[in-house]
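The points are grouped by topic.

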Amino acid sequence: MDETSSKSEGKEINDEFTEITLRPIELSDVDDFMEWATDEKVSQFCTWDTYTSKDQALDYINNNAILHPWLRVICTKNRAIGAISVTPNSGCLDSCRAELGYVLAYKYWGKGIVTKAVKIAVSNIFEEWPNLGRVEAFVDVVNKGSQRVLEKAGFLKEGVLRKFRNIKGRSRDMVIFSFLSTDVLFE
């Protein structure tokens, strides 16, 4: 392939991802969901184990994802290529905080898609939940790509929480990031 062809193909790929949208998940998204949920490269930093069956995915979508207070699929051309969620904390002391999480199919990594999705989610969540003051994200210390996503979206790295989460049977150090309702989203 010559240099001109690869540049033109690269532009075509980038143009495909300029329009990123978020929408509620639907049962009909199960095949797209399976693309990322069955991939160990994707699930390695997630709290959930890699999915092994479509029935398992349908059960999760129907009984958890659809019922989640704020879970959206990340879409390009209305095709689900990942998901993003904001989970509110409970109790009077913690109700001002919520936790951000996201996942994206491997073939879409490194294209700025999750950064765009995070910006959209943060912008929307503070409007939808006016009493929310802080969105937090916890990222495994070795997951440098996810850390870059949050930094590019304007999140502040606050520090490392040692042995903070048990993921897949191992105690993991997590980097904590935050975005406040008074912070300014990067363009």
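At 17% relative accessibility, Asp 32 counts as buried, because the limit for that class is under 20%. The model is a predicted one. Asp 32 meets Arg 79 in a salt bridge between their side chains, with 3.1 Å from N to O. Arg 79 itself is partly exposed, its relative accessible area being 29%.

**Other salt bridges**

- The count of salt bridges comes to 13.
- Asp 29 and Arg 23 form one of these through their side chains, at 2.8 Å from N to O. Both Asp 29 and Arg 23 are buried.
- Between Arg 165 and Glu 99 there is a salt bridge in which the closest N and O atoms are 3.0 Å apart. Arg 165 belongs to strand β6 and Glu 99 to strand β4, so this pair ties together parts that lie 66 residues apart in sequence.
- Arg 165 is partly exposed, with a relative accessible area of 21%. Glu 99 also counts as partly exposed, at 24% relative accessibility.
- One network is made of salt bridges that share partners, and it joins Asp 94, Arg 97, Arg 134, Glu 136 and Glu 158.

**Aromatic pairs**

- The whole structure holds 9 aromatic pairs.
- Phe 33 is part of helix α2 (residues 30-37), while Tyr 51 lies in the loop between α3 (40-43) and α4 (54-65), so the pair ties together parts 18 residues apart in sequence.
- Phe 33 and Tyr 51 are both buried.
- Tyr 106 and Trp 109 also make an edge-to-face pair, at 4.8 Å centre to centre and with 65° between the planes. The angle puts this pair in the edge-to-face class because that class takes planes over 60 degrees apart.
- Tyr 106 counts as partly exposed at 40% relative accessibility. Trp 109 falls in the partly exposed class as well, at 37%.
- A cluster linked by ring pairs takes in Phe 33, Trp 36, Trp 48, Tyr 51 and Tyr 60.

**Charges over rings**

- Lys 41 has its charged end over the ring of Tyr 106, at 4.6 Å from the ring centre.
- Arg 72 has its charged end over the ring of Trp 70, and here the distance to the centre is 4.4 Å.

**The sheet**

- An open sheet is formed by 7 strands with mixed pairing, in the order β1-β2-β3-β4-β5-β7-β6.
- Which strands stand at the edges? They are β1 (20-24) and β6 (156-167); each has a single partner strand, so one side of each is left without a neighbour in the sheet.
- On average, neighbouring strands of the sheet are turned by 30° against each other, with direction ignored.
- β6 and strand β7 (residues 170-180) run antiparallel and are joined by 8 bridges.
- Helix α2 packs on the sheet, where it touches β3 (79-88) and β4 (97-104). The direction of α2 makes about 75° with that of β3.

**Leu 156 in strand β6**

- Leu 156 is found in strand β6 and stands opposite Ser 178 in β7.
- Is Leu 156 buried or exposed? Leu 156 is exposed, as its relative accessible area is 53% and the exposed class begins over 50%.
- Apart from neighbours within four places in sequence, Leu 156 is in contact with Ile 176, Phe 177 and Ser 178.
- Ala 137 is 19 residues from Leu 156 along the chain, and the C-alpha atoms of the two are separated by 9.9 Å.

Key:
Residues are numbered from 1 along each chain as its sequence is written. This is a predicted model: local features need pLDDT of at least 70, side-chain atom pairs count only at pLDDT 80 or more; totals for chains, interfaces and linings use all residues. Side-chain values use heavy atoms; hydrogens and water are left out. Rings of Phe, Tyr and Trp (its six-membered ring) pair if their centres lie within 6.5 Å; planes under 30 degrees apart count as stacked, over 60 as edge-to-face and the rest as tilted. Helices (H or I, at least four residues) and strands (E, at least two) are DSSP runs, numbered from the N terminus. Buried means under 20% relative accessible area, exposed over 50%, partly exposed in between (1.4 Å probe, protein chains only). A charge sits over a ring if NZ of Lys or CZ of Arg is within 6 Å of the ring centre and within 35 degrees of the ring normal. Two strands pair if DSSP finds at least two bridges between them. Axes are lines fitted to C-alpha atoms, for helices over the stretch in contact, and angles run from 0 to 180 degrees between N-to-C directions. Contact means heavy atoms within 4.5 Å. A salt bridge is a side-chain nitrogen of Lys or Arg within 4 Å of a carboxyl oxygen of Asp or Glu.
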